Amino acid sequence: MWISKFKNANYKGFLTKLKEIAQKEGKVYLFLIIDYLFLLIFRGFAFNDYLNYELYNKNFKERRQYVSVKDQDKFYEIVSPSKYKNKFSNKSNFMRLFKDFTKRDFFDKKNSIDDLVKFLNKHDEIIIKPVDGLGGANISKIKTKNVKNIDLFYNDVVKNNYLVEEVIKQHKSLAEFSKSSINTIRIMTSNINNKPKVIFATLRVGNGKSHVDNFHQGGMASLVNIETGIITSDAVDKNLTKYKYHPLSKKAFKGYKIPYFKETKELVLKAAKVVPEIKVVGWDIAITPNGPTIVEGNRRAGFDIIQVVSGTGRKDIIKEILKELSK
């Protein structure tokens with residue numbers, strides 16, 4: 001249930017942030033607390049929702065357009081039932097199920113130590129990630145020459161249930177944003193009555209310090225036109241800082257055209273049919289020199305990045321999909 005998400009919430013940090021907002025915006029601190037509690041009780045907005053969407057500065061009509069945590073949970077239980085979650089949330093299962101779309105080598109505890117030796121001999125660098133990890137957390141990149149003890153490494157992978165993948169080589173123009181991370185396109189698709197379509201796209205770029213581009217790990221994102229593949233906005237990070245240019249590489253966001261975007265859409269529309277019971281997926285796509293490849297699929301893609309990048313509420317996405325489903 002959505003309310004369980006507040007069990008380990010950072011209440012102190014949230015109240016501190018509200019004090020800062022009250023001072024900056026010239027608002028009454030107590031009013032902000034009451035205002036948020038109203039949105040929590042009657043709409044199911046989380047702490048981060050209130051801050052990320054700047055709901056304290058939105059009127060009633062504007063607030064109605066935003067998808068809350070409660071809205072999101074109800075929506076995904078309809079279009080992406082939990083009983084199919086292991087096809088996506090378990091990264092090993094996903095890699096096997098979507099092997100024709102991921103197009104890269106991987107190793108996990110289902111493989112033998114001999115398979116590991118062959119895998120390490122084929123690749124100079126590898127990515128290690130938890131099989132059930134979320135939000136780009138606990139992902140590391142290492143050089144295979146630094147694996148000195150095969151037995152020890154194999155036991156570590158098995159014990160901790162890691163997925164080990166070959167490193168994706170990304171397209172030169174995307175690497176120009178941030179070379180330290182694979183910069184991906186998050187594309188949301190729907191598949192109602194076996195008629196998949198692209199409904200949203202954003203480019204996610206690393207901050208130049210991390211191996212990942214995830215919004216929750218310091219990355220930034222910008223809006224992509226789903227017809228042309230051209231970026232139509234400045235980038236924004238989770239702290240709502242906007243960037244016309246990448247802070248380190250100085251590459252401009254707006255106007256950049258994503259290579260192989262037509263092929264990217266074709267790829268995700270085919271992938272959307274693999275598990276027809278999951279009717280909405282957020283695909284993370286990397287662009288290589290030879291075309292697109294799927295990094296992973298998210299059965300419950302968060303609306304936070306969608307709404308922050310859009311600069312407005314996107315409940316219209318939910319309404320349109322449920323309307324199609326009802327037919």
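## A charged and nonpolar cavity

The residues that line the largest cavity divide into 4 nonpolar, no polar and 5 charged. This structure is a predicted model, and a search through the whole of it finds 1 cavity of 30 Å³ or more. The volume of the largest cavity is about 40 Å³.

Who sits around that space? Which residues line the largest cavity? They are Lys91, Phe94, Met95, Arg104, Lys129, Leu163, Glu165, Val295 and Glu296. Three elements each supply at least two residues of this lining: helix H7 (91-97), strand S4 (162-166) and strand S11 (291-298). H7 gives the most, with 3 residues.

## Salt bridges across the chain

Across the whole structure, a search finds 17 salt bridges. One of them joins aspartate 35 to arginine 63, whose closest N and O atoms are 2.6 Å apart. Aspartate 35 belongs to helix H2 and arginine 63 to helix H4 (residues 60-63), so this pair ties together parts that are 28 residues apart in sequence. Are these two partners buried or exposed? Both aspartate 35 and arginine 63 are buried.

Another salt bridge runs between aspartate 105 and lysine 122, with 2.5 Å between the closest N and O atoms. This pair links distant parts of the chain, 17 residues apart: aspartate 105 is in the loop between helix H8 (99-102) and strand S1 (106-107), while lysine 122 is in helix H9 (residues 113-122). Aspartate 105 counts as partly exposed because its relative accessibility is 25%. Lysine 122, with a relative accessible area of 57%, is exposed.

## A bridge between strands, and a network

Next come two strands. The side chains of arginine 204 and aspartate 284 meet in a salt bridge, at 3.2 Å from N to O. Here too the pair links distant parts of the chain, 80 residues apart, with arginine 204 in strand S6 (residues 195-205) and aspartate 284 in strand S10 (residues 280-288). Arginine 204 has 6% relative accessibility and so counts as buried. Aspartate 284 also counts as buried, at 2% relative accessibility.

Some salt bridges share partners, and in this way Arg43, Asp71 and Lys315 are joined into one network.

## A nonpolar patch on the surface

Now for the outside. Which residues form a nonpolar patch on the surface? They are Val28, Leu30, Phe31 and Ile34, which together have about 420 Å² of accessible area.

An α-helix has 3.6 residues a turn, so residues three or four places apart point the same way.

## Helix H13 and the glycine after it

How many of the 8 residues of H13 are buried? The number is 7, so H13 is largely enclosed by the rest of the structure. The buried residues in H13 are Phe303, Asp304, Ile305, Ile306, Gln307, Val308 and Val309.

Just after H13 comes glycine 311, which takes a positive phi of about 75°. This glycine is found in the loop between helix H13 (303-310) and helix H14 (315-326). Glycine 311 is exposed because its relative accessible area is 53%, above the cut-off of 50%. From glycine 311 to alanine 271 there are 40 residues in sequence and 29 Å in space, C-alpha to C-alpha.

## Loops around strand S9

The loops on either side of S9 hold some residues to look for. Leucine 240 is in the loop between strand S8 (235-237) and S9. Although leucine 240 is not a glycine, it has a positive phi of about 70°. With 25% relative accessibility, leucine 240 counts as partly exposed.

Tyrosine 260 has its place in the loop between S9 and H12. It is not a glycine either, yet tyrosine 260 has a positive phi of about 55°. Its relative accessible area is 30%, so tyrosine 260 is partly exposed. Proline 247 is found in the loop between strand S9 (242-243) and helix H12 (261-271). Proline 247 counts as partly exposed, at 28% relative accessibility. Proline 247 and isoleucine 185 are 62 residues apart in sequence, and their C-alpha atoms are 19 Å apart in space.

Notes. Residues numbered from 1 in each chain as written. Heavy atoms only, no water. Patch = residues over 30% accessible without salt bridge, like charges linked within 9 Å, V, L, I, M, F, W, Y side chains within 5 Å. Areas by Shrake-Rupley, 256 points an atom, 1.4 Å probe, with all protein chains shown as cover. Salt bridge = Lys/Arg side-chain N within 4 Å of Asp/Glu carboxyl O. Helix = DSSP H or I, 4+ residues; strand = E, 2+ residues; numbered from the N terminus. Buried < 20%, exposed > 50% of the residue type's maximum accessible area, 1.4 Å probe, protein only. 1 Å grid on protein atoms, 1.4 Å probe; cavity = no way out; pocket = protein on both sides within 12 Å on 5 of 7 lines; lining within 4 Å. Points joined across faces, edges and corners; volume = space filled by probe spheres on them. Nonpolar A, V, L, I, M, F, W, Y, C, P; charged D, E, K, R; others polar.
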